[in-house]
Amino acid sequence: MSEPTTGSTLGLEGRTAVVTGGTRGLGLAIARKLVACGCDVVLGYGSSDEDAARALAGLDGLKGGATAFRADLGEPDAVDRLLEAVRERHGRLDVFVHNAATWTPMPATAADHAALHTDIATAVDPLLRAAALLPGLMPPGGRIVAVSSTGARQVVPGYVSLGLAKAALESLVGYLAVELSKHGIAVNAVSTAKLDKDPGAAKGPVEAALASRTPGGRLTVPSDVADVVALLCTDEAAWLRGQVVTADGGLGLRP
């Protein structure tokens, strides 16, 4: 498992970033990587002030800085308030990582329609709203990275609501990549398979089977995905537009 270090900034030092869903899990791993690279990161979160305080404490002492901003992305004006807070504090935004998601397990043949539409809206609406505002806040060279899932293209039992949500998100990434290129903003996505969120814990049979099938020799951990997000934010990644980069250790290559 790779770990962010204070000695490797990837040329990102001094940049300002937003990570939605940034106080827990994968979002926090992405925030940690960007802070370790010297970015000033705003962690967007929906409800738990305790999680936000714990996240900020865990990021203290890294090369960059971190603040948290409470914004429930289910509210229509949440993204507007988040970006306005960034404008007031930093004057610009260099990186926008859309990681927030909700998932309601259900079969496709007996879907909970209201929950399904909520999951799709959570995946798509915040990025749509941000895209309308970012050209006035993000200078040329800006980066938008959406976090997706291999469930957008592979059928996973019970995953239909998030699978549809991530498929719509990946399509939106392509449209935004074309339309925002004239502003010098590159838009891409990072997709991953099942995450091992507790690498030290014993694994069940499903996780063990997936790990054994992964050419990399283990399940993907959050820092693996965070590393790829950071790479997409570098100057050298400027010519990547509208791509979905899969970070799964090669698992998707196996039948």
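How many of the six residues of strand E2 (residues 40-45) are buried?

**Entry 1: ground rules.** I am working with a predicted model, where local features need pLDDT of at least 70, side-chain atom pairs count only at pLDDT 80 or more, and totals for chains, interfaces and linings use all residues. Residues are numbered from 1 along each chain as its sequence is written, and side-chain values use heavy atoms, with hydrogens and water left out.

**Entry 2: strand E2.** I looked up E2 and found five of its six residues buried, so the strand is largely enclosed by the rest of the structure. Buried means under 20% relative accessible area, with exposed over 50% and partly exposed in between (1.4 Å probe, protein chains only). Helices (H or I, at least four residues) and strands (E, at least two) are DSSP runs, numbered from the N terminus.

**Entry 3: neighbours of E2.** I checked the pairing, which requires that DSSP finds at least two bridges between two strands. E2 runs parallel to strand E1 (residues 16-19), and four bridges join them. Val18 has Val42 in E2 as its bridge partner. Between E1 and E2 the chain passes through helix H1 (residues 25-36), in a right-handed β-α-β crossover. Right-handed means that, with the strands pointing away from the viewer, the path from the first strand over the helix to the second runs clockwise. E2 is also parallel to strand E3 (residues 65-70), with six bridges. There, Val41 stands opposite Ala66 in E3. E2, helix H2 (residues 49-59) and E3 form a right-handed β-α-β unit.

**Entry 4: Thr16.** I picked Thr16, which lies in E1. Thr16 counts as buried because its relative accessibility is 2%. Leaving out residues up to four places away in sequence, I found that Thr16 touches several residues, including Asp40, Val86 and His90. Contact means heavy atoms within 4.5 Å.

**Entry 5: helix H4.** I followed H4 (residues 113-133), which has 21 residues. H4 bends by about 35° at Ala121; the bend is the angle between axes fitted to the seven residues ending there and the seven starting there. Among the buried residues of H4 are Leu116, Asp119, Ala123 and Leu127. Their cover includes helix H3 (78-90), strand E4 (95-98), strand E5 (143-149) and helix H5 (160-180).

**Entry 6: Val228.** Last, I looked at Val228 in helix H7 (residues 222-232). Val228 is buried, at a relative accessible area of 18%. Not counting residues up to four places away in sequence, Val228 touches Val190, Val245 and Ala247.

Methods:
The expected span of a helix is 1.5 Å times one less than its number of residues.
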